[in-house]
Amino acid sequence: MTALPLQSKTALVTGASKGVGKGIALELARQGADVAVNYNSDAEGAAATVQTIQAMGRRAIAVQGNVGKKADVDAVFDRVLAEFGRLDILVNNAGIQTWKPLLELEEAEWDRVLSVNLKGCFLCTQRAARAMKDSGIGSIVNIGSGCNKWAFPNLVDYTASKGGIEQFTKVAAVELGPLGIRVNCVAPGAIEIERTQNEAGDYAGTWSRLTPRRRVGLPADVAHAVAFLCEDKTDFITGQTIWVDGGLFTRPAWPYD
């Protein structure tokens, strides 16, 4: 029997109790990895993700922790390393947003979003790299956004954090490359999940009209790209941003449609 691409690898996916993070955790497991499912408050969702992975015959654990807090991150990594013995893959997916105009955004809201989205990416990458460098191999995938490229009104804190993640990815790739660790960014376009469904009365229809592929994205679309970047055969890909957007952010504003 041919081995699966991620057979015998271990992974940690942050914010994996639902949405895109859950889709990524499930796909990594389908490709052979054992997966630690991080969550902050949705214990029930994390347990459901773990149960689905275990039903595939993979090992899985749920690990609570706020990625914006160093003490929590240290506890998460200590638990994962104690359970799995090593870490081969980290996916920095955990993220939150505040939907509010710049002039109305409160300092506490800005701090909260930057703490989870950007600081969390830093803290988890640092801990993961320290664990991976001893084995001389590892893949870290940061989840970006269309906000990496476009200015989205009412999402100034979220946009700042995602733009920061793309630049953080490049620096981390340069510094960690000599240690055998690759760092890439996957930037989704319009992806239909529980949260985005509430952004518009017809989320799929609204974004499909603007997307060259003429459909909205799904968590599986993002998960396939992430899993690809975690395979050994992509060893020479690092410091890159892969757009999973159906061409949405390649397409300019065009007045003649």
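These legends walk through a few close-up views of a predicted model.

The model is predicted, so local features need pLDDT of at least 70 and side-chain atom pairs count only at pLDDT 80 or more, while totals for chains, interfaces and linings use all residues. Residues are numbered from 1 along each chain as its sequence is written, and side-chain values use heavy atoms, with hydrogens and water left out.

**View 1. Helix H8 and its buried residues.** H8 covers residues 219-230; helices here are DSSP runs (H or I, at least four residues) and strands are too (E, at least two), numbered from the N terminus. Pro219, Val222, Ala223, Ala225, Val226, Ala227, Leu229 and Cys230 of H8 are buried, meaning under 20% relative accessible area with a 1.4 Å probe, protein chains only. Their cover includes helix H1 (19-30) and strand S6 (181-188).

View 2. Contact means heavy atoms within 4.5 Å.

**View 3. H3 meets H4.** The axes of H3 (residues 70-84) and H4 (residues 107-132) come within 10 Å and cross at roughly 35°; axes are lines fitted to C-alpha atoms over the stretch in contact, with angles from 0 to 180 degrees between N-to-C directions. Among the contact residues are Phe77 of H3 and Leu123 of H4.

Terms used: Expected span 1.5 Å × (residues − 1). Buried < 20%, exposed > 50% of the residue type's maximum accessible area, 1.4 Å probe, protein only.
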